[in-house]
Amino acid sequence: MLKGKKIVLGVCGGIAAYKSVELLRLYVKAGAEVFVVMTRSAMEFVAPLTFQTLSGSPVHTDLFNLYQEREIGHISLADRADLFVIAPATANVIGKTASGISDDLMTTTIMATRAPVLFVPSMNVNMWENPIYQRNETRLKESGYHFMEPDSGFLACGWEGKGKLPDPQRILEETRRLLSPQDLKGETVLVTAGPTREKIDPVRFLSNFSSGKMGYAVARAGRDRGARVILISGPTALEPPAGVEFIPVSSALEMRDKALEALQDATVIIKSAAVADYRPAETADRKIKKEKKGDLVLQLVRNPDILAEMGAVKGGRILVGFAAETGDLQSYAQSKLERKNLDLIVANDVTLEGAGFDVDTNIVHFLTPDGRVEDLPRMTKDEVAQRLLDKVLEIRRAGK
Ligand code: PMT
């Protein structure tokens with residue numbers, strides 16, 4: 001999502017300036033081109049060379065610097081931005097912007113840009129609560145500037161309360177949202193993700209290798225593109241994405257109950273979860289003890305097919321399934337598409353390197369009821385998620 005995007009990162013003078021280094025690293029890793037502007041006081045906290053080395057571009061610090069003015073200049077810096085992120089943003093820079101003061105490179109560039117501007121404030125709790133500061137923030141919000149709320153906790157100044165810079169990962173997520181087209185506004189996207197756990201006894205279960213990465217990527221992409229997202233997830237090690245309605249479940253039966261409930265609100269359903277097809281016929285109340293000799297035979301019963309149940313009642317909703325196969329990919333996926341009454345199936349051969357379970361990339365094929373097959377190359381799960389949502393929009397625009 002950030003590939004090829006130009007972000008101007010403004011760093012103001014606050015102890016949280018060191019966290020901007022991590023933010024810059026995340027932006028660069030996500031493929032963005034980043035230009036850093038620092039205030040004089042920011043340079044008291046972190047040396048410009050750190051940002052210069054990580055961004056691969058000169059750091060801009062002076063309004064009247066002949067070299068920088070010739071090479072880029074504050075106006076061209078403002079013009080080239082797809083997004084201007086000020087993190088940390090101090091009460092001083094926010095106050096100056098709210099009052100129309102532009103007396104240094106930072107405030108001049110903020111005033112001159114037509115790109116969206118995101119302020120990520122970080123300051124002492126009493127400064128943040130000060131009505132003068134709050135008035136400035138409100139004024140800027142009314143003028144279309146974006147703000148993130150500071151986190152609460154122990155502050156470097158010794159006080160406890162609101163004022164901490166949010167985690168750079170969260171700033172990255174907000175950046176992605178602001179840079180995304182809001183083309184899914186009005187849609188409610190229900191995503192299922194992760195594995196299910198089918199309990200054998202209090203200490204054992206049957207499950208699979210799903211990490212949830214694919215489904216969580218879809219949930220984030222849907223949120224970024226303006227949809228209301230409901231994420232029903234089996235147990236994973238992932239953080240639930242901010243801004244998404246998160247429903248944790250464990251077994252297939254639990255996932256079914258929650259999914260059928262959420263179906264009422266959903267306009268798009270994307271079932272990337274790896275649901276166990278079978279569960280133990282009985283769950284022992286106590287730990288099954290090892291017998292002296294012989295094997296243990298577990299009897300399994302079929303779990304309900306949630307996707308097929310949804311297919312039977314989907315109405316005008318767009319229903320997307322996944323197919324995880326280890327051979328005959330296309331024919332198995334085609335049969336699931338028809339049998340489960342889907343609008344789209346995303347087929348992945350989970351035996352391929354860089355595809356399927358517990359990796360950051362996937363290699364998928366889109367199959368639709370009109371018989372078309374679209375083969376996608378290996379790409380990150382975030383990119384697959386974006387392409388999948390493009391496809392959903394295509395189906396919607398074709399009249400579904
Ligand atoms: O989570 P990751 O580590 O990122 O891995 C991603 C993934 C491999 C899990 C994902 O890309 C994927 O393929 N998900 C579907 C896995 C799966 O269960 O496939 P299936 O072919 O068994 O099921 C077909 C479809 O029916 C799926 O949409 C599944 O959610 C659904 N299903 C299956 C069984 C069942 N009882 N109820 C269902 O709803």
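This is a short chat about a predicted model of a protein chain.

Colleague: Hi! What should I keep in mind about the model?
Modeller: As the model is predicted, local features need pLDDT of at least 70 and side-chain atom pairs count only at pLDDT 80 or more, while totals for chains, interfaces and linings use all residues. Residues are numbered from 1 along each chain as its sequence is written, and side-chain values use heavy atoms, with hydrogens and water left out.

Colleague: How many aromatic pairs are there?
Modeller: The count is three, where rings of Phe, Tyr and Trp (its six-membered ring) pair if their centres lie within 6.5 Å; planes under 30 degrees apart are stacked, over 60 edge-to-face and the rest tilted.

Colleague: Which kind of pair do Tyr216 and Phe246 make?
Modeller: Their ring centres are 6.4 Å apart and the planes meet at 65°, so the pair is edge-to-face.

Colleague: And is Tyr216 buried or exposed?
Modeller: Tyr216 is buried, at 2% relative accessible area, whereas Phe246 is partly exposed at 30%. Buried means under 20%, exposed over 50% and partly exposed in between (1.4 Å probe, protein chains only).

Colleague: Which residues form an aromatic cluster?
Modeller: Phe119, Tyr145 and Phe147 form one.

Colleague: Switching to the backbone, what is the peptide bond from Ala87 to Pro88?
Modeller: That bond from Ala87 to Pro88 is cis, with omega near -5°.

Colleague: What about phi of Asn341?
Modeller: Phi of Asn341 is near 60°, a positive value in a residue other than glycine. Asp358 has a positive phi too, near 55°. Asn341 is partly exposed at 37% relative accessibility, and Asp358 is partly exposed at 46%.
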